[in-house]
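Here is a short briefing on a structure with its sequence. Look at the picture first, then work through the points by topic.

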Amino acid sequence: MKRVGYFFLYFSLLVVALFQIVPLLWLFIFSLKDNREIFAGSPFALPSEFRWENYLKVWDGGIGIYFFNSVWITTLAIVLTVLFASMATFAITRMRWRLSGAVLSLFIIGLMIPIHSALIPLYSMFLSVNLIDNPLGVVITYTAYNLPITMMILLGFYYTLPKEIEEAAVIDGCSVNRMFFQVILPMTTPVMATTVVINMIYNWNEFVFVNTFISSEKYKTLTVGIQNFIGQYMTDWGAIGATLIISVLPIIIAFIFFSNKVVEGISASAVKG
Amino acid sequence: MNKVMSNKLLIALYISPALLLVLVLVFIPLILSGYYGLMEWDGIGDKTFIGLENYINGLQDMKFWSSAYHSFLLAIFSTLSLGIYLVISFILASKIKGSDLLRKIYLIPMLLSSVAIAQLWIKVYNPSNGILNVFLKQIGVENPPAWLADPSLVLFAIFIPILWQYAGFYILIYYAALKNIPESLIEAARIDGASAFQIATKIKLPLIKEVVSVTVVLAIVGSLKYFDLIYVMTSGGPNGASEVMASYMYKLAFSSYNFGYGSAIGFLLLIITLIVTFIVRKLTTPKERIEY
């Protein structure tokens with residue numbers, strides 16, 4: 001009896017796993033087929049011939065440039081976010097000043113803001129300082145909107161660093177700048193790695209800011225780029241599938257290598273609401 | 001030591017990049033949104049002050065209320081689905097082999113962009129070649145529906161990918177909370193003769209009440225802000241049947257260039273989100289904190 005119950009429970013978990021994985025599997029399979037085979041054959045039959053040319057076609061057809069934009073915009077925003085968040089968290093948790101508590105609550109409130117309420121004013125602000133259709137506008141927006149969550153993840157770690165570190169550094173005549181960059185920052189590497197992974201997922205997948213601020217093809221990132229691109233190839237399922245797989249591949253690869261960091265970061269981001 | 005660590009200039013230097021960015025790009029736009037809501041404005045030309053007209057129009061706009069209704073429906077669906085995630089997490093946390101791998105598989109959709117998810121599910125729902133209808137035809141359903149083109153089905157059809165996307169996230173949170181319960185408590189209950197079901201409902205569930213309350217807030221507030229997936233999948237259609245608050249606001253501003261009215265709707269979205277967050281927190285937060 002116990003055995004039957006156990007089997008039933010296990011079976012229900014596997015059903016959920018299938019539900020999560022089957023649409024992606026189907027996507028990958030049809031990304032290697034042509035329309036004739038997709039429409040005529042069974043959905044999960046392996047392609048009679050693996051049509052990797054679908055991937056080449058969409059990469060050369062415009063996805064390459066979107067991919068490149070996603071890479072550099074994501075990377076630059078990650079560097080700025082993690083650096084500024086680390087500096088601010090250091091100032092709030094390790095330095096002594098009267099307003100630190102108030103400033104911290106400001107960042108915490110920042111976690112709850114619905115971005116759509118800020119979108120129109122942001123657009124008109126950027127328009128007046130030439131940051132519309134300028135990737136730098138997107139980079140600073142990503143940085144600003146990811147700072148609160150990044151700081152929340154860093155905070156816990158900074159609170160646990162022993163006070164003796166600064167004491168020793170100060171007695172040795174070390175300046176605050178050297179203490180931060182050469183002592184504290186290297187010590188926070190594990191938690192910084194978590195914030196990097198989380199920022200990577202957020203930035204790579206972001207849609208509405210790019211869709212609103214960027215109009216030139218040459219600056220579009222993957223999320224917005226594939227949107228137009230799929231319009232062009234509307235009827236070629238293989239090409240659409242290849243485009244989608246290319247757009248999600250970097251995140252999947254990051255997940256395979258850093259799944260524990262991702263799990264950690266996503267659990268920590270649960271405070272975001 | 002104290003003197004070095006309370007140097008005002010250095011503090012300003014360390015806090016200001018983050019503080020300035022958040023003030024200028026997050027908080028000031030929010031205030032401006034309320035202010036622009038008082039204007040008639042096409043986004044390019046001059047602003048004309050028209051008082052509360054936009055807000056009054058917003059409160060009488062049937063399209064806005066219908067989009068708010070859809071947002072609240074999604075919020076209710078999302079909250080109810082938390083029950084499924086809880087059950088799965090209980091099973092997963094009961095010393096199942098491979099639970100670590102399963103949890104990670106569940107999480108994969110959460111990592112993908114809403115645009116990719118939307119495009120994938122447009123294909124899943126394709127009336128003639130999508131896997132859903134191919135499957136339905138195989139098991140003998142003769143005229144399976146055109147899911148995304150049917151006004152009475154579209155909201156449910158959109159909810160399935162939302163479920164797909166967030167399942168792993170909530171399961172992860174519940175699983176972590178369940179694993180945090182000390183084994184000794186469970187052991188004590190077992191010795192007293194409690195059944196597995198009693199342990200789950202009478203001991204574990206009350207102990208993770210606080211986490212459940214946080215996820216209820218997340219599910220509701222997240223649904224009220226929902227945008228990307230719907231915008232890409234249906235862009236609010238057919239005929240407004242899947243319009244939500246954020247997509248309605250977005251269209252007003254960036255398709256109709258009605259920036260003043262769009263700002264007012266955006267500001268109402270902010271107010272509604274804050275009020276709902278406050279109410280849900282008040283209703284769901286347990287009175288006393290549980291320590292163990």
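What pLDDT does chain A average? Chain A averages a pLDDT of 90, and 98% of its residues score at least 70. Here pLDDT is the predictor's confidence in each residue, from 0 to 100. This is a predicted model, in which local features need pLDDT of at least 70, side-chain atom pairs count only at pLDDT 80 or more, and totals for chains, interfaces and linings use all residues. Residues are numbered from 1 along each chain as its sequence is written, while chains are lettered from A and ligands numbered from 1 in the order in which they are written.

**Confidence**

- Chain B averages a pLDDT of 89, with 97% of its residues at 70 or above.
- For the model, ipTM is 0.90 and pTM is 0.91.
- Among the elements of chain A, helix α2 (residues 35-40) has the lowest mean pLDDT, 82. Helix α10(A) has the highest, 95.

**Chain A: overall form**

- Chain A has 12 helices and 0 strands. Helices (H or I, at least four residues) and strands (E, at least two) are DSSP runs, numbered from the N terminus.
- The radius of gyration of chain A is 23 Å, well over the 19 Å that the globule rule gives for 273 residues, so chain A is more spread out than a compact globule. This radius is taken over C-alpha atoms, and the rule is 2.2 Å times the number of residues to the power 0.38.
- Along the principal axes, the C-alpha atoms of chain A fill a box of roughly 75 × 65 × 35 Å.
- Of the 273 residues of chain A, 44% are buried. A residue is buried if 20 or more other C-beta atoms lie within 10 Å of its own, exposed if 12 or fewer, and partly exposed in between; the C-beta atoms are placed from the backbone.
- Take the contacts in chain A with a separation of 6 or more: 78% of them join residues 24 or more positions apart. Two residues are in contact if their C-beta atoms, placed from the backbone, lie within 7 Å.

**Chain B: overall form**

- Chain B has 14 helices and 2 strands.
- The radius of gyration of chain B is 24 Å, well over the 19 Å given by the globule rule for 292 residues, so chain B is also more spread out than a compact globule.
- The C-alpha trace of chain B spans about 80 × 75 × 30 Å along its principal axes.
- Buried residues make up 41% of the 292 in chain B.

**What UniProt lists**

- The UniProt positions use the numbering given here, feature names are shortened, and annotations may be inferred rather than shown by experiment.
- An unreviewed UniProt entry places "domain: ABC transmembrane type-1" at residues 67-258 of chain A. That span is 81% helix and 0% strand.
- For chain B, UniProt lists the feature "domain: ABC transmembrane type-1" (unreviewed entry) at residues 68-280. Its end C-alpha atoms lie 17 Å apart, and the span is 72% helix.
- The "transmembrane region" annotation (unreviewed entry) in UniProt covers several spans of chain A, including residues 7-29 and 63-90. Residues 7-29 of chain A are 100% helix, with end C-alpha atoms 30 Å apart. Residues 63-90 of chain A are also 100% helix, with ends 40 Å apart.
- In chain B, the spans that UniProt lists for "transmembrane region" (unreviewed entry) include residues 72-93 and 259-280. Residues 72-93 of chain B are 95% helix, and residues 259-280 of chain B are 100% helix.

**Where the chains meet**

- In all, 74 residues of chain B are in contact with 72 residues of chain A.
- Helix α2 (residues 8-36) of chain B gives the largest share of the chain B side, 16 residues.
- That side divides into 56 nonpolar, 15 polar and 3 charged residues. Ala, Val, Leu, Ile, Met, Phe, Trp, Tyr, Cys and Pro count as nonpolar, Asp, Glu, Lys and Arg as charged, and the others, Gly among them, as polar.

**A residue in a loop**

- E217(A) lies in the loop between α10 (208-213) and α11 (222-232) of chain A.
- E217(A) counts as partly exposed because it has 14 C-beta neighbours inside 10 Å.
- E217(A) and D133(A) are 84 residues apart in sequence but 9.7 Å apart in space, C-alpha to C-alpha.
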